[in-house]
Amino acid sequence: MKSVKDILKSNVLAAKTFDTTLNSPPNNNPSSNIASSENHATSDHLNAVETFRCPICQDRGILLDGDVAYPCSCMKMRKMENQFRHARISRVLKNCRLEKFRFDYYRSQMKDQTHREGAIKALNAAKSFVDECQQNPHGLGLLFTGPVGSGKTYLAASIANELIEAQLQVLFIVVPDLLDELRASYKSEVNEMDLLDTARTIPILILDDLGAHNYTDWTRNRLYSIINYRMNELLPTVITSNLSLDEMEDYIGVRTTSRIIQSSRIFRLTVEEDIRHQMYDEREGTK
């Protein structure tokens with residue numbers, strides 16, 4: 001049986017072996033033959049490199065240093081891509097970062113600093129949460145409340161992205177999508193348990209848009225199961241909601257809301273104008 005080293009060597013030789021004499025007339029000039037061979041080899045090598053996603057390892061994922069094999073740097077990028085995919089971060093949210101958080105969206109016509117002060121507290125809490133998760137896997141979560149378009153999802157996605165880049169396991173779920181998946185798995189106990197177990201046990205869970213949805217007793221019980229388990233195991237959860245705590249009790253129940261309060265630090269974001277509307281005005285130049 002060939003060793004990994006021998007296989008890789010043979011592949012490298014195959015990739016770099018070129019027949020420069022095929023369909024070519026004989027040339028009696030040695031220097032011309034050498035130059036021609038070098039030109040062909042360079043051209044063919046460049047063409048070969050262009051076919052690989054990673055020209056360093058030629059998509060093998062490993063490099064050899066003598067008898068020692070070690071992973072190519074491209075494997076880190078592939079791992080990161082897989083983590084983002086498994087975390088279920090949507091394409092539009094992958095660029096969210098805490099350092100890009102904009103306070104100018106929280107200005108007020110009346111020179112009131114309330115919106116800005118709330119945003120500062122929420123951003124600082126998000127930064128602290130990211131730091132704490134890297135030091136200790138068990139701790140309090142975060143609850144960001146506020147009206148639609150106040151930056152809650154941006155903060156939650158920024159937290160997810162930075163934790164994923166720090167090699168931590170994160171699951172980002174939009175609550176309406178979670179409820180739809182749970183309903184779809186109603187007749188399939190295996191699928192339902194897989195989904196619930198993942199949401200319950202993932203080191204960091206982010207539940208986005210816990211709002212005024214069509215909750216049934218069945219979906220309320222599933223949400224309670226997730227929140228209660230994570231609270232008991234000290235697994236941090238980040239939640240965004242446009243509901244007040246009183247409204248939350250009405251929609252998802254008193255006992256689930258109580259556990260969210262117990263296991264979270266709570267911050268409220270407010271804006272004078274929906275941030276998405278402000279972004280639209282910037283894009284279209286309407287202001």
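**Salt bridges in close-up**

R102, D104 and E282 are linked in a network of salt bridges. The model shown in these views is predicted. The count of salt bridges comes to 6, and the legends below describe individual pairs.

**View A. The salt bridge between E282 and R102.** The side chains of these two residues, E282 and R102, meet with an N to O distance of 2.7 Å. E282 belongs to helix α11 (residues 275–284), whereas R102 is placed in the loop between α3 (73–87) and α4 (114–135), so the pair ties together parts that are 180 residues apart in sequence. E282 is partly exposed, at a relative accessible area of 43%. R102 is also partly exposed, with a value of 32%.

**View B. The salt bridge between R200 and D197 in helix α7****.** An N to O distance of 2.9 Å separates the side chains of R200 and D197 in this salt bridge. Both residues lie in helix α7 (residues 189–201), where R200 and D197 are 3 residues apart, about one turn of the helix. R200 counts as buried because its relative accessibility of 13% is under 20%. D197, at 34% relative accessibility, counts as partly exposed.

**View C. The salt bridge between D217 and R220 in helix α8****.** The side chains of D217 and R220 meet at 3.0 Å, N to O. About one helical turn separates D217 from R220, because the two are 3 residues apart in helix α8 (residues 217–232). D217 is exposed, with a relative accessible area of 57%, while R220 counts as partly exposed at 25% relative accessibility.

Key. Residues numbered from 1 in each chain as written. Predicted model: local features only at pLDDT ≥ 70, side-chain atom pairs only at ≥ 80, totals over all residues. Heavy atoms only, no water. Salt bridge = Lys/Arg side-chain N within 4 Å of Asp/Glu carboxyl O. Helix = DSSP H or I, 4+ residues; strand = E, 2+ residues; numbered from the N terminus. Buried < 20%, exposed > 50% of the residue type's maximum accessible area, 1.4 Å probe, protein only.
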